[in-house]
Amino acid sequence: MKDKVVLVTGGAAGIGKATALRFAEAGAKVIIGDVNETAGQETAAQLGPDAAFYKVNVADRQEVQAWIDDVVGRYGRVDVLVNNAGILRDGQLVKFKEGALAGQMSEADFDLVISVNLKGVFNCSQAVAPVMIKQGGGVILNATSVVGLDGNFGQTNYVATKSGVIGMTKVWARELGRYGVRVNAVAPGFTATEILASMPQKIIDGMKARTPLGRLGEPRDIANAYFFLASDEAAFITGETLRVDGGIVVGT
Ligand SMILES: NC(=O)c1ccc[n+]([C@@H]2O[C@H](COP(=O)([O-])OP(=O)(O)OC[C@H]3O[C@@H](n4cnc5c(N)ncnc54)[C@H](O)[C@@H]3O)[C@@H](O)[C@H]2O)c1
């Protein structure tokens, strides 16, 4: 991974930060794209002199294109793109109490999660793919989730994006394989980061109870999977979704 140019969206915090650190430890030049400027600058400062932070909203196509153009101008190439940025806005499709509609997922929350978790992955991959094709290869890694494979209560929008990411991963593996570009996804189980702050403790405890290894994932567990899939040791793996979930069974 020495001197490889590695882009991590949402790399300011959580799994993205652990991933940025994992690649930087191996000598990669890591570039973070994130909306959180303070945390992004702080993380980039821990990644060594070749690292950089860019304030980028992955849902904004113009910002993404300007980011990739700048990175290519400065670093000359992109070896790995980790599409990690993601958000949650949970809510039930419809919530009924005493025979009457008591709430529902808002259209705004549906659209927002789609724009970041699904369209953001599309935007970044579409901007980076021509760079990888011209240079003769590269690796695109996408953040999905066990809930994208199994579904989950209260997560219509989020699950739609995470299942969609698995689908896009398979499409791009077919479309880009001929150019030496590999595309894979990682499906973390419940992992100890800020994203879980909005989730009730009861649900988190229930998830632990359904995990054979008996704990939440650590960001480093997921970072190690990205690192493996980006490495030459995964040279014959493409179109795959790797679960990193302690064996969790997502229930009703
Ligand atoms: N933590 C988990 O349990 C878990 C499980 C499965 C999948 N995932 C997925 O892993 C990824 C990372 O999750 P996390 O737990 O580290 O989340 P997190 O909330 O800790 O960090 C997400 C990062 O993404 C950034 N971000 C949010 N919106 C953005 C945007 N529009 N453009 C650029 N950056 C943006 C945030 O500023 C933050 O730095 C997400 O895609 C998430 O869906 C997480």
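Trainee: Which hand does the crossing of α1 and α8 have?

Mentor: This is a predicted model, in which local features need pLDDT of at least 70 and side-chain atom pairs count only at pLDDT 80 or more, whereas totals for chains, interfaces and linings use all residues. Residues are numbered from 1 along each chain as its sequence is written. A crossing is left-handed if the near helix is turned anticlockwise from the far one by less than a right angle, and right-handed if clockwise. By that convention, the crossing of α1 and α8 is right-handed.

Trainee: At roughly what angle do the axes of α1 and α8 cross?

Mentor: Axes are lines fitted to C-alpha atoms, for helices over the stretch in contact, and angles run from 0 to 180 degrees between N-to-C directions. Angles under 35 degrees count as roughly parallel, over 145 as roughly antiparallel, 65 to 115 as roughly perpendicular and the rest as oblique. The axes of α1 and helix α8, which spans residues 219-230, come within 8 Å of each other and cross at roughly 55°. That makes α1 oblique to α8, the crossing angle being roughly 55°.

Trainee: Which residues of α8 does α1 meet?

Mentor: Two residues are in contact if their C-beta atoms, placed from the backbone, lie within 7 Å. From α1, the partners are Gly-14, Ile-15, Lys-17, Ala-18, Thr-19, Arg-22 and Phe-23. In α8 they meet Pro-219, Arg-220, Ile-222, Ala-223, Asn-224, Tyr-226 and Phe-227.

Trainee: How do the residues of the contact of α1 with α8 divide?

Mentor: Ala, Val, Leu, Ile, Met, Phe, Trp, Tyr, Cys and Pro count as nonpolar, Asp, Glu, Lys and Arg as charged, and the others, Gly among them, as polar. On that basis, the contact of α1 with α8 divides into 8 nonpolar, 3 polar and 3 charged residues.

Trainee: Which element gives the largest share of the shell around the ligand?

Mentor: A residue is near a molecule if its C-beta atom, placed from the backbone, lies within 6 Å of it, and 29 residues surround the ligand, with Gly-10, Gly-14, Gly-86, Thr-193 and Ile-195 the closest. The elements that give two or more residues to this shell are α1 (14-25) and α4 (107-135), helices being DSSP runs of H or I with at least four residues, and strands runs of E with at least two, numbered from the N terminus. The largest share, 3 residues, comes from α1.

Trainee: How are α4 and α6 oriented to each other?

Mentor: The axes of α4 and helix α6, residues 156-176, come within 9 Å and cross at roughly 15°, and the crossing is right-handed. The residues of their contact divide into 13 nonpolar, 5 polar and 2 charged. Given the angle cut-offs, α4 and α6 are therefore roughly parallel to each other.

Trainee: Which residues of α4 make the contact with α3?

Mentor: Helix α3, residues 61-75, packs against α4 at an angle of about 30°, with their axes 9 Å apart, and the crossing is right-handed. On the α3 side, the contact is made by Arg-61, Val-64, Gln-65, Ile-68 and Val-72. On the α4 side, it is made by Asn-123, Cys-124, Ala-127, Val-128 and Val-131.
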